[in-house]
Each structure stands twice: as structure tokens, then as C-alpha cells.
Amino acid sequence: MPAGGAEMAQYTDGFSGFAAPDLDAARTFYGDVLGLEVGEEMGQLALTLPGGARVFVYQKDDHEPAVFTILNLVVPDITASIDELVGKGVTFERYDGFEQDERGIASGLGPDIAWCTDPAGNIIAVIGDDGSS
């Protein structure tokens, strides 16, 4: 029984979501640039991540991007992945407090990681798979 002894609701599914002011731009970025599976649900976007997790992207005209990472994508070869994304026009961010190489990859604080933004300014992390997962 959950803490406090209370009965819990019975959930049948779960997913995460975030906003974007332009769903067409989001569809192009997440599908064509990042190569994720993009569908449509209830007139909004539905992303299917590697491993099967789903993320709902909904229209919000007055969207303000979060100041934190909203999506993490793990890749087997971060250098090759960053190079491929840069070739598709993606720019990687530079943040104070992180030593980053010429590609924008931060190392030595856990897995190698680099950050970019989607067309709405939402922050996405590209994380090197260090083989421990």
C-alpha cells in the first residue's frame, strides 16, 4: 500500500508532454532533423522515442521555452551524432560552468553530453551512451 495508507488511482498509460508554438516546425525538426517517429494524436504531435516512450507536443501560441532540458536522447557515438546534426543545421549551445569541446560536448561530469534547442527554444540533450546502461 502507498505511503499514508491511501488507495491509489489505477493508471492505464502515461506520457510526458511539452509545448511548441508551431507544430509544423516541431514536426519537421523532430521527424526530419532528429529522425524520431512523429505521429498525430488529437490534432497535436506524438513523438515515439527509442525504447517506446511517448511524448506529446501540443500547440501553445504564447509558448515560453523552459530553462531546463525537456528531452534527453541517448546515442551510441556522440561525436558522430553531433556531426550529423550539425550537418542538418543544428547548432549546439554553450553554457557557463561546463568545459565543452569544439563541438559543444561536455565531458568528465558523467556521460558525454551536448545541448541544442528545437525551433521553439526547448532544450534537448544529446547524451553519449557510456555502455553502462
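Let's start with strand E6 (113-117), which is mostly covered: four of its five residues are buried, where buried means under 20% relative accessible area, exposed over 50%, and partly exposed in between, for a 1.4 Å probe and protein chains only. What you're looking at is a predicted model, so local features need a pLDDT of at least 70 and side-chain atom pairs count only at 80 or more, while totals for chains, interfaces and linings use all residues. Residues are numbered from 1 along each chain as its sequence is written, and side-chain values use heavy atoms, with hydrogens and water left out.

E6 pairs with strand E7 (123-128) in the antiparallel sense over five bridges; two strands pair if DSSP finds at least two bridges between them. Trp115 stands opposite Ala125 in E7. The two strands make a hairpin with five residues between them, and Gly121 in the turn has a positive phi of about 90°.

Now step back to the whole protein. It has two helices and seven strands, and along the sequence they follow the pattern β-α-β-β-β-β-α-β-β. The names come from DSSP runs, numbered from the N terminus: helices are H or I with at least four residues, strands are E with at least two. The C-alpha atoms fill a box of roughly 50 × 35 × 25 Å along the principal axes. Of the 133 residues, 34% are buried.

Next, the open sheet. Four strands line up in the order E1-E4-E3-E2, with mixed pairing. E1 and E2 stand at the edges, each with a single partner strand, so one side of each has no neighbour in the sheet. From one strand to the next, the twist averages 30°. Axes here are lines fitted to C-alpha atoms, for helices over the stretch in contact, and angles run from 0 to 180 degrees between N-to-C directions. E2 and E3 run antiparallel and are joined by five bridges, and Val38 stands opposite Leu47 in E3. The loop between E2 and E3 holds Met42, which has a positive phi of about 55° although it isn't a glycine. Is Met42 buried or exposed? It counts as exposed, because its relative accessibility is 68%.

Helix H1 lies across E1, E2, E3 and E4, running at about 15° to E3.

What about the inside? In soluble globular proteins, nonpolar side chains tend to be buried together. A nonpolar core is a set of buried Ala, Val, Leu, Ile, Met, Phe, Trp, Tyr and Cys residues joined through side-chain atoms within 4.5 Å. The largest one here has 28 residues, and Tyr30, Leu34, Val57, Phe92 and Ile124 touch the most other members. H1 gives the largest share, five residues. Ile124 has contacts (heavy atoms within 4.5 Å) with residues including Phe29, Leu71 and Trp115, leaving aside those up to four places away in sequence. A second, separate core of six residues includes Ala106, Ile113, Ala125 and Ile127.

Finally, look for the largest pocket, with about 210 Å³ of space. A pocket is an open set of points on a 1 Å grid over the protein atoms alone, where a 1.4 Å probe fits, with protein on both sides within 12 Å along at least five of seven lines; lining residues have an atom within 4 Å of a point. Points are joined across faces, edges and corners, and the volume is the space filled by probe spheres set on them. This pocket is lined by 13 residues, with Leu34, Leu73, Val75, Ser81 and Leu85 nearest its centre. E5 and H2 are the elements that give two or more residues to the lining.
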